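Colleague: Hi! Could you put the model up so we can go through a few spots together?
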Amino acid sequence: MNHYETVFILNPVLSEDQIKETVQKYEDFLVSRGAKMIAKEDWGLKKLAYPIQHKKSGFYHLFEYTVSGEVIAPLELEFRRDERFMRYLTVALDKHAVAWAERRRAKLNQKA
């Protein structure tokens, strides 16, 4: 099981219900393939550095999870097929990145 982090940007014209449904769909996709979700974050509507598909903002989300490497390609294929996704990035985390992510989550939990 490898440790991964996926950040994706959803289209800003989606309603709140559509965003929740999309996020839940891909969380279920990962869990059904044996992923263990470590963290989910909703970063909200953010301004983009440059226009994507003539849009200047997007809804950012982060998934942190552990799963076998064979699941990543089908996940990204689903992202490419879904028109609600503007961009996505999946990164495999090494032990230093995992430690940094844990410290970051602890700091966020202290603020809340």
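Modeller: Happy to. Keep in mind that this is a predicted model. Let's start with Asn11, which sits in the loop between β1 (2-10) and α1 (16-32).

Colleague: Is Asn11 buried or exposed?

Modeller: Asn11 is buried, because its relative accessible area is 10% and the cut-off for buried is under 20%.

Colleague: And what does the side chain of Asn11 reach?

Modeller: It reaches the backbone nitrogen of Val13, at 3.2 Å.

Colleague: Which residues is Asn11 in contact with, leaving aside neighbours within four places in sequence?

Modeller: There we have Gln53, Lys55, Phe59, Glu83, Arg84 and Met86.

Colleague: What about phi of His54?

Modeller: That one is positive too, near 65 degrees, again in a residue other than glycine. His54 also lies in the loop between β2 and β3.

Colleague: How do the two count for accessibility, Gln53 and His54?

Modeller: Gln53 has 42% relative accessibility, so it counts as partly exposed. His54 is at 82% and therefore counts as exposed, the cut-off for that being over 50%.

Colleague: Changing topic to the helices: at what angle do α1 and α2 pack?

Modeller: α1 and α2 (residues 72-81) pack at about 160 degrees, and their axes are 11 Å apart. That makes α1 roughly antiparallel to α2, because angles over 145 degrees count that way.

Colleague: Is the crossing of α1 and α2 left-handed or right-handed?

Modeller: Right-handed, for α1 and α2.

Colleague: Which residues meet there, between α1 and α2?

Modeller: From α1 you have Tyr26, Phe29 and Leu30, and they meet Pro74, Leu75, Glu78 and Phe79 from α2. The residues of that contact divide into six nonpolar, no polar and one charged.

Colleague: Great, thanks for the tour!

Key. Residues numbered from 1 in each chain as written. Predicted model: local features only at pLDDT ≥ 70, side-chain atom pairs only at ≥ 80, totals over all residues. Heavy atoms only, no water. Helix = DSSP H or I, 4+ residues; strand = E, 2+ residues; numbered from the N terminus. Buried < 20%, exposed > 50% of the residue type's maximum accessible area, 1.4 Å probe, protein only. Polar contact = N/O pair within 3.5 Å; in protein donor to acceptor, adjacent residues only side chain to side chain. Contact = heavy atoms within 4.5 Å. Axes fitted to C-alpha atoms, helices over the stretch in contact; angles between N-to-C directions. Parallel < 35°, antiparallel > 145°, perpendicular 65-115°, else oblique. Left-handed = near helix turned anticlockwise from the far one by under 90°. Nonpolar A, V, L, I, M, F, W, Y, C, P; charged D, E, K, R; others polar.
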